[in-house]
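Please go through the structure below with the text alongside. The paragraphs move from charged side chains to aromatic rings and then to one helix and its surroundings.

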Amino acid sequence: MFPIREFLMRFLVVFWLILLSVLSGTGAATAAGLRLIEVPSADGKAPIRAAVWSPCAAAPVETRIGPFVLPAVHDCPIVDGKYPLIVISHGFAGTYFSHRDTAAALADAGFIVAALNHPGDNAIDMKRAGELSALTDRPADIVRLLDHMLTDWKEADVIDAGRIGVFGFSRGGYTALVLAGGVPDFLNSGLPCPDEQAAICAQMRDKSAVAKDWVHDKRIRAAVVADPLNAFPGAEDLKNIGIPVQLWSSEQGGDGVVPQDIARLRDELPGKPDYRMVKGAGHFSFIAPCPADMANALPQICSDAPGFDRAEFHRSFNTDVVSFFRASLR
(Lines give C-alpha, C1' and ligand atoms only; values in the text may rest on other atoms or scores of the structure.)
Protein backbone atom coordinates (compact mmCIF):
# COMPACT_ATOMS: atom_id res chain seq x y z
CA MET A 1 0.00 0.00 0.00
CA PHE A 2 2.63 2.55 1.04
CA PRO A 3 6.08 3.01 -0.50
CA ILE A 4 8.51 0.18 0.09
CA ARG A 5 12.16 1.02 0.45
CA GLU A 6 13.24 3.82 -1.83
CA PHE A 7 15.98 1.78 -3.48
CA LEU A 8 13.44 -0.90 -4.38
CA MET A 9 11.13 1.65 -5.94
CA ARG A 10 13.95 3.03 -8.08
CA PHE A 11 14.96 -0.46 -9.16
CA LEU A 12 11.39 -1.31 -10.11
CA VAL A 13 11.05 1.82 -12.19
CA VAL A 14 14.26 1.09 -14.09
CA PHE A 15 13.32 -2.58 -14.51
CA TRP A 16 9.89 -1.86 -15.93
CA LEU A 17 11.20 0.89 -18.21
CA ILE A 18 13.55 -1.66 -19.74
CA LEU A 19 10.76 -4.21 -19.97
CA LEU A 20 8.36 -1.74 -21.55
CA SER A 21 10.90 -0.74 -24.19
CA VAL A 22 11.32 -4.40 -25.12
CA LEU A 23 7.56 -4.91 -25.17
CA SER A 24 7.05 -1.93 -27.44
CA GLY A 25 9.65 -3.25 -29.82
CA THR A 26 8.49 -6.88 -30.08
CA GLY A 27 4.76 -6.76 -29.48
CA ALA A 28 5.03 -10.21 -27.90
CA ALA A 29 2.44 -11.75 -25.62
CA THR A 30 1.90 -13.79 -22.51
CA ALA A 31 -1.18 -15.53 -23.86
CA ALA A 32 -1.94 -16.67 -27.41
CA GLY A 33 -3.04 -13.16 -28.39
CA LEU A 34 -1.84 -9.79 -27.09
CA ARG A 35 -2.27 -6.18 -28.12
CA LEU A 36 -0.73 -3.11 -26.54
CA ILE A 37 -3.12 -0.17 -26.63
CA GLU A 38 -3.35 3.39 -25.38
CA VAL A 39 -6.45 5.16 -24.13
CA PRO A 40 -6.05 8.77 -25.32
CA SER A 41 -5.81 11.65 -22.88
CA ALA A 42 -9.09 13.45 -22.23
CA ASP A 43 -10.28 16.34 -20.06
CA GLY A 44 -6.76 16.92 -18.77
CA LYS A 45 -6.32 13.25 -17.81
CA ALA A 46 -3.14 11.45 -18.85
CA PRO A 47 -3.30 8.71 -21.48
CA ILE A 48 -3.60 5.16 -20.18
CA ARG A 49 -1.37 2.38 -21.44
CA ALA A 50 -2.89 -1.09 -21.37
CA ALA A 51 -2.30 -4.65 -22.51
CA VAL A 52 -5.16 -6.66 -23.96
CA TRP A 53 -5.09 -10.46 -23.99
CA SER A 54 -7.55 -12.37 -26.18
CA PRO A 55 -8.39 -15.91 -27.26
CA CYS A 56 -6.33 -16.97 -30.27
CA ALA A 57 -6.61 -20.00 -32.55
CA ALA A 58 -3.01 -19.79 -33.77
CA ALA A 59 -0.27 -21.82 -32.15
CA PRO A 60 1.93 -19.65 -29.91
CA VAL A 61 5.70 -19.44 -30.31
CA GLU A 62 8.21 -18.82 -27.56
CA THR A 63 9.35 -15.21 -27.44
CA ARG A 64 11.70 -13.58 -24.96
CA ILE A 65 10.43 -10.34 -23.41
CA GLY A 66 13.00 -8.96 -21.02
CA PRO A 67 13.45 -11.72 -18.42
CA PHE A 68 10.36 -13.64 -19.60
CA VAL A 69 10.00 -16.42 -22.15
CA LEU A 70 6.36 -16.37 -23.20
CA PRO A 71 3.99 -17.97 -25.73
CA ALA A 72 3.09 -15.18 -28.11
CA VAL A 73 1.06 -14.26 -31.17
CA HIS A 74 1.04 -10.52 -31.71
CA ASP A 75 -2.33 -9.09 -32.80
CA CYS A 76 -3.76 -12.55 -33.28
CA PRO A 77 -7.16 -12.32 -35.00
CA ILE A 78 -10.04 -12.88 -32.60
CA VAL A 79 -12.50 -15.55 -33.70
CA ASP A 80 -15.97 -14.11 -34.33
CA GLY A 81 -18.19 -14.25 -31.27
CA LYS A 82 -19.05 -12.44 -28.08
CA TYR A 83 -16.64 -12.70 -25.15
CA PRO A 84 -16.84 -11.53 -21.53
CA LEU A 85 -14.35 -8.82 -20.52
CA ILE A 86 -12.16 -8.77 -17.41
CA VAL A 87 -10.22 -5.64 -16.41
CA ILE A 88 -7.16 -5.98 -14.15
CA SER A 89 -5.99 -3.36 -11.63
CA HIS A 90 -2.45 -3.79 -10.27
CA GLY A 91 -1.06 -2.89 -6.85
CA PHE A 92 1.58 -0.39 -5.71
CA ALA A 93 4.62 -0.30 -8.05
CA GLY A 94 2.91 -2.74 -10.42
CA THR A 95 2.15 -2.67 -14.13
CA TYR A 96 -0.20 -4.30 -16.59
CA PHE A 97 2.22 -7.25 -16.56
CA SER A 98 2.02 -7.96 -12.81
CA HIS A 99 -0.72 -10.57 -13.26
CA ARG A 100 0.25 -11.77 -16.73
CA ASP A 101 -0.33 -15.45 -15.95
CA THR A 102 -3.85 -14.81 -14.65
CA ALA A 103 -4.61 -12.71 -17.73
CA ALA A 104 -3.28 -15.50 -19.97
CA ALA A 105 -5.37 -18.13 -18.18
CA LEU A 106 -8.51 -16.03 -18.61
CA ALA A 107 -7.79 -15.38 -22.29
CA ASP A 108 -7.17 -19.08 -22.88
CA ALA A 109 -10.55 -19.74 -21.23
CA GLY A 110 -12.41 -17.44 -23.62
CA PHE A 111 -12.24 -14.00 -21.98
CA ILE A 112 -10.99 -10.69 -23.30
CA VAL A 113 -8.65 -9.27 -20.64
CA ALA A 114 -7.50 -5.64 -20.36
CA ALA A 115 -4.85 -4.72 -17.79
CA LEU A 116 -3.78 -1.10 -17.39
CA ASN A 117 -0.98 0.97 -15.94
CA HIS A 118 -2.68 3.39 -13.54
CA PRO A 119 -1.33 6.83 -14.58
CA GLY A 120 1.11 8.21 -12.01
CA ASP A 121 0.75 5.08 -9.87
CA ASN A 122 2.71 2.36 -11.64
CA ALA A 123 6.32 1.18 -11.69
CA ILE A 124 7.11 3.20 -14.79
CA ASP A 125 5.46 6.41 -13.58
CA MET A 126 5.42 6.82 -9.78
CA LYS A 127 4.94 10.57 -9.54
CA ARG A 128 1.56 10.29 -7.74
CA ALA A 129 2.07 6.94 -6.01
CA GLY A 130 2.67 8.64 -2.64
CA GLU A 131 -0.35 10.94 -2.98
CA LEU A 132 -3.91 10.17 -1.93
CA SER A 133 -5.04 11.09 -5.45
CA ALA A 134 -3.37 7.90 -6.65
CA LEU A 135 -6.06 6.01 -4.73
CA THR A 136 -9.03 8.32 -5.28
CA ASP A 137 -8.46 8.48 -9.06
CA ARG A 138 -8.00 4.76 -9.64
CA PRO A 139 -11.69 3.84 -10.15
CA ALA A 140 -12.04 6.55 -12.81
CA ASP A 141 -9.03 5.05 -14.63
CA ILE A 142 -10.93 1.76 -14.94
CA VAL A 143 -14.05 3.54 -16.18
CA ARG A 144 -12.00 5.26 -18.89
CA LEU A 145 -10.52 1.93 -19.92
CA LEU A 146 -13.96 0.31 -20.03
CA ASP A 147 -15.39 3.18 -22.09
CA HIS A 148 -12.53 2.80 -24.56
CA MET A 149 -12.81 -0.98 -24.80
CA LEU A 150 -16.57 -0.87 -25.40
CA THR A 151 -16.70 2.02 -27.86
CA ASP A 152 -13.35 2.99 -29.41
CA TRP A 153 -11.31 -0.22 -29.41
CA LYS A 154 -11.17 -1.58 -32.95
CA GLU A 155 -12.30 -5.04 -31.74
CA ALA A 156 -15.09 -3.69 -29.51
CA ASP A 157 -17.76 -5.73 -31.29
CA VAL A 158 -16.41 -8.99 -29.81
CA ILE A 159 -17.08 -7.86 -26.21
CA ASP A 160 -20.29 -8.86 -24.46
CA ALA A 161 -21.06 -5.65 -22.53
CA GLY A 162 -23.38 -7.56 -20.22
CA ARG A 163 -20.54 -9.75 -18.90
CA ILE A 164 -17.81 -7.57 -17.40
CA GLY A 165 -15.71 -8.40 -14.35
CA VAL A 166 -12.78 -6.85 -12.51
CA PHE A 167 -9.70 -8.42 -10.93
CA GLY A 168 -7.67 -6.38 -8.43
CA PHE A 169 -4.67 -6.94 -6.18
CA SER A 170 -3.77 -4.78 -3.14
CA ARG A 171 -4.50 -1.20 -4.25
CA GLY A 172 -6.18 -2.81 -7.23
CA GLY A 173 -8.43 -4.82 -4.92
CA TYR A 174 -9.46 -1.59 -3.21
CA THR A 175 -10.15 -0.17 -6.68
CA ALA A 176 -12.38 -3.10 -7.58
CA LEU A 177 -14.41 -2.72 -4.38
CA VAL A 178 -14.97 1.00 -4.99
CA LEU A 179 -16.12 0.30 -8.56
CA ALA A 180 -18.55 -2.29 -7.16
CA GLY A 181 -20.11 0.28 -4.80
CA GLY A 182 -17.78 0.56 -1.81
CA VAL A 183 -17.22 3.99 -0.23
CA PRO A 184 -13.76 4.40 1.33
CA ASP A 185 -13.30 6.20 4.64
CA PHE A 186 -9.57 6.85 4.91
CA LEU A 187 -9.92 8.97 8.02
CA ASN A 188 -11.37 6.10 10.05
CA SER A 189 -9.92 3.12 8.20
CA GLY A 190 -6.95 2.60 10.52
CA LEU A 191 -4.61 2.04 7.58
CA PRO A 192 -0.98 1.98 8.76
CA CYS A 193 1.24 4.97 8.08
CA PRO A 194 4.91 4.06 8.66
CA ASP A 195 5.90 7.65 7.81
CA GLU A 196 3.46 10.06 9.41
CA GLN A 197 5.04 12.93 7.44
CA ALA A 198 4.32 11.30 4.08
CA ALA A 199 1.89 13.24 1.90
CA ILE A 200 -0.59 10.37 1.62
CA CYS A 201 -0.74 10.00 5.42
CA ALA A 202 -1.38 13.69 6.00
CA GLN A 203 -4.00 13.75 3.25
CA MET A 204 -5.89 10.81 4.74
CA ARG A 205 -6.33 12.86 7.91
CA ASP A 206 -7.71 15.80 5.92
CA LYS A 207 -11.42 15.38 5.21
CA SER A 208 -11.33 17.98 2.45
CA ALA A 209 -8.75 15.96 0.50
CA VAL A 210 -11.03 12.94 0.01
CA ALA A 211 -13.29 12.58 -3.00
CA LYS A 212 -16.91 13.50 -2.38
CA ASP A 213 -18.38 11.64 -5.35
CA TRP A 214 -16.91 8.17 -5.63
CA VAL A 215 -16.86 6.53 -9.05
CA HIS A 216 -18.88 3.32 -9.20
CA ASP A 217 -19.68 1.36 -12.37
CA LYS A 218 -22.78 -0.80 -12.71
CA ARG A 219 -21.37 -2.43 -15.83
CA ILE A 220 -19.15 -4.53 -13.57
CA ARG A 221 -21.00 -7.72 -12.64
CA ALA A 222 -18.36 -9.67 -10.65
CA ALA A 223 -15.09 -9.00 -8.81
CA VAL A 224 -12.06 -11.01 -7.75
CA VAL A 225 -9.98 -9.20 -5.11
CA ALA A 226 -6.69 -10.47 -3.72
CA ASP A 227 -5.27 -9.03 -0.47
CA PRO A 228 -7.12 -5.75 -1.05
CA LEU A 229 -6.24 -2.56 0.75
CA ASN A 230 -9.15 -2.30 3.19
CA ALA A 231 -10.13 1.36 3.36
CA PHE A 232 -13.68 0.44 4.42
CA PRO A 233 -13.93 0.57 8.23
CA GLY A 234 -17.48 -0.78 8.53
CA ALA A 235 -20.34 -2.61 6.88
CA GLU A 236 -22.03 0.70 6.09
CA ASP A 237 -19.17 1.53 3.70
CA LEU A 238 -19.77 -1.72 1.79
CA LYS A 239 -23.57 -1.93 1.81
CA ASN A 240 -23.98 -1.05 -1.88
CA ILE A 241 -21.82 -3.91 -3.17
CA GLY A 242 -24.37 -6.28 -4.67
CA ILE A 243 -22.27 -8.28 -7.12
CA PRO A 244 -20.54 -11.65 -6.55
CA VAL A 245 -17.10 -11.25 -4.96
CA GLN A 246 -14.28 -13.76 -4.70
CA LEU A 247 -12.03 -12.62 -1.85
CA TRP A 248 -8.49 -13.94 -1.46
CA SER A 249 -6.30 -13.45 1.60
CA SER A 250 -2.67 -14.34 2.16
CA GLU A 251 -1.90 -15.94 5.51
CA GLN A 252 1.04 -13.63 6.22
CA GLY A 253 -0.01 -10.33 4.63
CA GLY A 254 2.51 -7.60 3.93
CA ASP A 255 2.99 -4.08 2.48
CA GLY A 256 0.35 -2.55 4.76
CA VAL A 257 -2.20 -5.36 4.32
CA VAL A 258 -2.88 -7.66 7.28
CA PRO A 259 -5.01 -10.85 7.23
CA GLN A 260 -7.28 -9.53 10.00
CA ASP A 261 -8.39 -6.69 7.72
CA ILE A 262 -9.29 -9.14 4.96
CA ALA A 263 -11.23 -11.31 7.43
CA ARG A 264 -13.11 -8.23 8.59
CA LEU A 265 -13.91 -7.39 5.00
CA ARG A 266 -15.22 -10.92 4.51
CA ASP A 267 -17.56 -10.53 7.47
CA GLU A 268 -18.80 -7.05 6.49
CA LEU A 269 -19.52 -7.51 2.79
CA PRO A 270 -23.31 -7.56 2.36
CA GLY A 271 -23.29 -10.79 0.37
CA LYS A 272 -21.25 -13.79 1.47
CA PRO A 273 -18.07 -13.70 -0.65
CA ASP A 274 -16.28 -16.73 -2.02
CA TYR A 275 -13.50 -16.42 0.57
CA ARG A 276 -10.10 -18.11 0.21
CA MET A 277 -7.28 -18.00 2.77
CA VAL A 278 -4.00 -19.14 1.21
CA LYS A 279 -1.85 -20.96 3.75
CA GLY A 280 1.80 -19.94 3.71
CA ALA A 281 1.26 -17.11 1.24
CA GLY A 282 2.57 -13.60 1.69
CA HIS A 283 1.12 -10.48 0.13
CA PHE A 284 3.26 -10.65 -3.00
CA SER A 285 2.46 -14.33 -3.58
CA PHE A 286 -0.47 -13.15 -5.71
CA ILE A 287 1.92 -11.57 -8.24
CA ALA A 288 2.90 -13.80 -11.14
CA PRO A 289 5.90 -16.08 -10.50
CA CYS A 290 9.21 -14.42 -11.30
CA PRO A 291 11.82 -15.75 -13.72
CA ALA A 292 15.24 -16.45 -12.18
CA ASP A 293 16.89 -13.15 -13.08
CA MET A 294 14.03 -11.13 -11.67
CA ALA A 295 13.85 -13.30 -8.55
CA ASN A 296 17.52 -12.65 -7.83
CA ALA A 297 17.12 -8.90 -8.34
CA LEU A 298 13.83 -8.47 -6.45
CA PRO A 299 13.71 -10.97 -3.58
CA GLN A 300 11.29 -8.76 -1.62
CA ILE A 301 8.68 -9.18 -4.39
CA CYS A 302 9.58 -12.60 -5.73
CA SER A 303 10.43 -14.61 -2.61
CA ASP A 304 7.93 -16.62 -0.60
CA ALA A 305 8.00 -18.40 2.75
CA PRO A 306 9.97 -21.67 2.89
CA GLY A 307 7.87 -24.49 1.52
CA PHE A 308 5.49 -22.24 -0.42
CA ASP A 309 5.59 -22.87 -4.18
CA ARG A 310 4.25 -19.79 -5.96
CA ALA A 311 4.13 -21.44 -9.38
CA GLU A 312 2.12 -24.36 -8.03
CA PHE A 313 -0.21 -22.02 -6.16
CA HIS A 314 -0.84 -19.92 -9.27
CA ARG A 315 -1.92 -22.94 -11.24
CA SER A 316 -4.77 -23.56 -8.81
CA PHE A 317 -5.35 -19.84 -8.19
CA ASN A 318 -5.83 -19.11 -11.90
CA THR A 319 -8.12 -22.11 -12.29
CA ASP A 320 -10.30 -20.89 -9.42
CA VAL A 321 -10.40 -17.32 -10.76
CA VAL A 322 -11.47 -18.57 -14.19
CA SER A 323 -14.16 -20.79 -12.64
CA PHE A 324 -15.52 -17.93 -10.54
CA PHE A 325 -15.82 -15.55 -13.48
CA ARG A 326 -17.37 -18.25 -15.66
CA ALA A 327 -20.04 -18.93 -13.04
CA SER A 328 -20.65 -15.27 -12.18
CA LEU A 329 -20.76 -13.90 -15.73
CA ARG A 330 -23.04 -16.42 -17.36
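Glutamate 236 is exposed, at 55% relative accessibility, where exposed stands for over 50% relative accessible area, buried for under 20% and partly exposed for what lies in between, with a 1.4 Å probe and protein chains only. Its side chain meets that of lysine 239 in a salt bridge, with 2.6 Å from N to O. A salt bridge here is a side-chain nitrogen of Lys or Arg within 4 Å of a carboxyl oxygen of Asp or Glu. Lysine 239 counts as partly exposed, at 48%.

The model is a predicted one, in which local features need pLDDT of at least 70 and side-chain atom pairs count only at pLDDT 80 or more, while totals for chains, interfaces and linings use all residues. Residues are numbered from 1 along each chain as its sequence is written, and side-chain values use heavy atoms, with hydrogens and water left out.

The protein has 330 residues, of which 56% are buried. It contains ten helices and ten strands; these are DSSP runs numbered from the N terminus, helices being H or I with at least four residues and strands E with at least two. Among contacts with a separation of 6 or more, 77% join residues 24 or more positions apart, a contact being heavy atoms within 4.5 Å.

Side chains of opposite charge can pair when their charged atoms come close. Searching the whole structure gives 16 salt bridges. One of them joins aspartate 137 to arginine 128, with the closest N and O atoms 3.2 Å apart. Both partners are partly exposed: aspartate 137 has a relative accessible area of 24%, and arginine 128 has 21%. Elsewhere, salt bridges link Asp121, Arg138 and Arg171 in a network.

Aspartate 141 does have a polar contact of 2.9 Å with the side chain of histidine 118. A polar contact is a pair of N or O atoms within 3.5 Å; within protein, one must be able to donate a hydrogen and the other to accept it, and residues adjacent in sequence count only if both atoms are side-chain atoms. Leaving out residues up to four places away in sequence, aspartate 141 touches Ile48, Leu116, His118 and Pro119.

The aromatic residues form 15 pairs. Rings of Phe, Tyr and Trp (its six-membered ring) pair if their centres lie within 6.5 Å, and planes under 30 degrees apart count as stacked, over 60 as edge-to-face and the rest as tilted. Tryptophan 248 and phenylalanine 317 make an edge-to-face pair, 4.7 Å centre to centre with 85° between the planes. Because tryptophan 248 lies in strand E9 and phenylalanine 317 in helix H10 (residues 310-328), this pair ties together parts that are 69 residues apart in sequence. Tryptophan 248 is buried at 4% relative accessibility, and phenylalanine 317 is buried at 0%. Phenylalanine 317 also pairs with phenylalanine 286; the ring centres are 5.6 Å apart and the planes stand at 55°, so this pair is tilted. Phenylalanine 286 sits in the loop between E10 and helix H8 (292-297), 31 residues from phenylalanine 317. Ring pairs join these residues with Phe167, Phe169, Phe308 and Phe313 in a cluster that includes Trp248.

Helix H7 spans residues 259-268, and its buried residues are Pro259, Asp261, Ile262, Ala263 and Leu265. They pack against helix H5 (171-179), strand E9 (245-250) and strand E10 (274-278). Leucine 265 has a relative accessible area of 0%. Apart from neighbours within four places in sequence, leucine 265 is in contact with Leu177, Pro228, Asn230, Phe232, Leu238 and Leu247. Its C-alpha atom is 8.6 Å from that of proline 233, 32 residues away along the chain.

Aspartate 261 counts as buried at 19% relative accessibility, whereas arginine 264 is partly exposed at 22%.
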